[in-house]
Amino acid sequence: MNQLRQATQQIRTTCCIVGGGPAGMMLGLLLARADVEVIVLEKHGDFLRDFRGDTIHPSTLELMYELGMLDEFLRLPHQEMRRVKIRFDDEEITGPDFSHLPTRCKFIALMPQWDFLNFLTARAKRYPTFRLLMNAEATDLIEEGGRVIGVRSKTEQGGLDAFADLVVAADGRSSIVRERAGMEVEDFGVPIDVLWFRVAKTAADAEPALGRIRNGKMLVTIDRGDYYQCGSIIRKGAFEEIKRRGLEAFREEIVGVAPFLRDSIGKIDDWGKVKLLTVQVNRLRQWYRPGLLFIGDAAHAMSPAGGVGINLAIQDAVAAANLLADKLRQGNCETVDLRRVQQRREWPARMTQNIQVFIHRQMFGSKSDPERAFSIPWPARALLWLLTPVLRRAAARVVGIGFRAEHIRR
Ligand SMILES: Cc1cc2nc3c(=O)[nH]c(=O)nc-3n(C[C@H](O)[C@H](O)[C@H](O)COP(=O)(O)OP(=O)(O)OC[C@H]3O[C@@H](n4cnc5c(N)ncnc54)[C@H](O)[C@@H]3O)c2cc1C
């Protein structure tokens, strides 16, 4: 025990961020840029991980512009999605159309999340007040008199206690900080999970579309240049049953929705190539405690519906930096300031989650019956056809910008 204690290193900073995802890295960059000493703890050794969403939204691109980084950022390899197309049986429906948005970039940039995070990291490292510790996994909070004063973590060199004026939990949907802090979570039950896998592109796809609904099944097919990032929407908890039916049946089901994948789906020859995303929609009742703030998925786990989780995480980071940077630099960041971050960001998160839950209920019902086919009820279908131009623009605004857009203040 004594030896363990001796091996524990201690450091001190102004703000310690747990988690180097979109929320944590953006906040780290913005605080460092505002002369606030900041340390980001990231449990992995790099950002090269499973698919976690590749969408950089118009609002995020606008922030890049405000930070003077847009041109450099867009030089990274990416695809540009200007409107979303869905194939419904044999009909094509145009969904959100970003061409009318009041932003410089009227498209979603599709870029691997690791490229985005590496870009933010490289920019943040230009500031002497920024430190990123990779392979540093937060394991507990350090508290004193009811206030969080630091984070306990394990690194390759041993234990590390990081003491800080403020700890920000940006450690995602399975946040350990949330658990250790005993935060109360409101869960909004989701009837679906998603199976993600990659299929090589062939010349066979004559009808590019982001999503396909056929035979009561739904498949997302994100065009990533030489492959499709596919997401098969399944009933919650149905993965074990799908595995029992076997890979052949799974492949046939996929080809049933997207026949153009027939030539390349054979490469899915191992369940290891299929990743389960357990979809959650939940939100903390309170996003802070003295000395501790939650942002991004750690504060509000989002469904992949609309692909807006990254956008919201980044908007939280910008709001937190706008509201807290000066206070942190002056050494007077109080609990009331943390409350202001929740007051600013809870409404956008709630509105977005309400829409996601509504879409789930409409399309998948509220019960997870693995045998029930997905459907779009006829009133919703009629609305899609009758109001398309209006709906397309409204949907583009919700997806591309979201509610209450944040801007870089300094
Ligand atoms: C399969 C999948 C597909 C998705 N598709 C999309 C999409 O297309 N578009 C979209 O906008 N959103 C998508 N999302 C959601 C999106 O990934 C999240 O909403 C977004 O990444 C949230 O950002 P975050 O920074 O809050 O959390 P995360 O991105 O989850 O980042 C948390 C970070 O914290 C680190 N971490 C966790 N625990 C610890 C610890 N104890 N110590 C130190 N570090 C820790 C993790 O390694 C990670 O880097 C998808 C999610 C998944 C899983």
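The paragraphs below cover the ligand shell, a surface patch and the salt bridges.

This is a predicted model: local features need pLDDT of at least 70, side-chain atom pairs count only at pLDDT 80 or more, and totals for chains, interfaces and linings use all residues. Residues are numbered from 1 along each chain as its sequence is written, and side-chain values use heavy atoms, with hydrogens and water left out.

Start with the ligand. Around it sit 31 residues, of which Glu42, Arg49, Arg52, Thr55 and Asp297 come nearest; a residue is near if one of its heavy atoms lies within 4 Å. By class, the shell has 14 nonpolar, 10 polar and 7 charged residues. Here Ala, Val, Leu, Ile, Met, Phe, Trp, Tyr, Cys and Pro count as nonpolar, Asp, Glu, Lys and Arg as charged, and the others, Gly among them, as polar.

A backbone N or O atom of Asp297 is 2.8 Å from a ligand oxygen. For a polar backbone atom of Ala23 the distance to a ligand oxygen is 2.9 Å, and for one of Gly309 it is 3.0 Å. The protein buries 92% of the 1000 Å² that the ligand exposes when taken alone (Shrake-Rupley method, 1.4 Å probe; for residues, only the protein chains shown count as cover). Elements giving two or more residues to the shell are α2 (22-33), β9 (137-144) and α9 (309-330). Helix α9 gives the most, with 3 residues. Helices (H or I, at least four residues) and strands (E, at least two) are DSSP runs, numbered from the N terminus.

Now turn to the surface. Phe358 belongs to helix α10 (residues 335-364). Why does Phe358 count as exposed? Its relative accessibility is 52%, and exposed means over 50%, buried under 20%, partly exposed in between (1.4 Å probe, protein chains only).

The structure holds 30 salt bridges, each a side-chain nitrogen of Lys or Arg within 4 Å of a carboxyl oxygen of Asp or Glu. In helix α7 (residues 239-245), Glu240 and Lys243 lie 3 residues apart, about one turn. Their closest N and O atoms are 3.7 Å apart. Arg244 and Glu241 pair at 3.3 Å, N to O. Arg244 is exposed at 64%, whereas Glu241 is partly exposed at 30%.

Asp337 bridges to Lys327 at 3.7 Å. This pair links distant parts of the chain, with Asp337 in α10 and Lys327 in α9, 10 residues apart. Asp337 is buried at 3% relative accessible area; Lys327 is partly exposed at 29%. Shared partners join Glu241, Arg244, Arg245 and Glu253 into one salt-bridge network.

Definitions and conventions
Polar contact = N/O pair within 3.5 Å; in protein donor to acceptor, adjacent residues only side chain to side chain.
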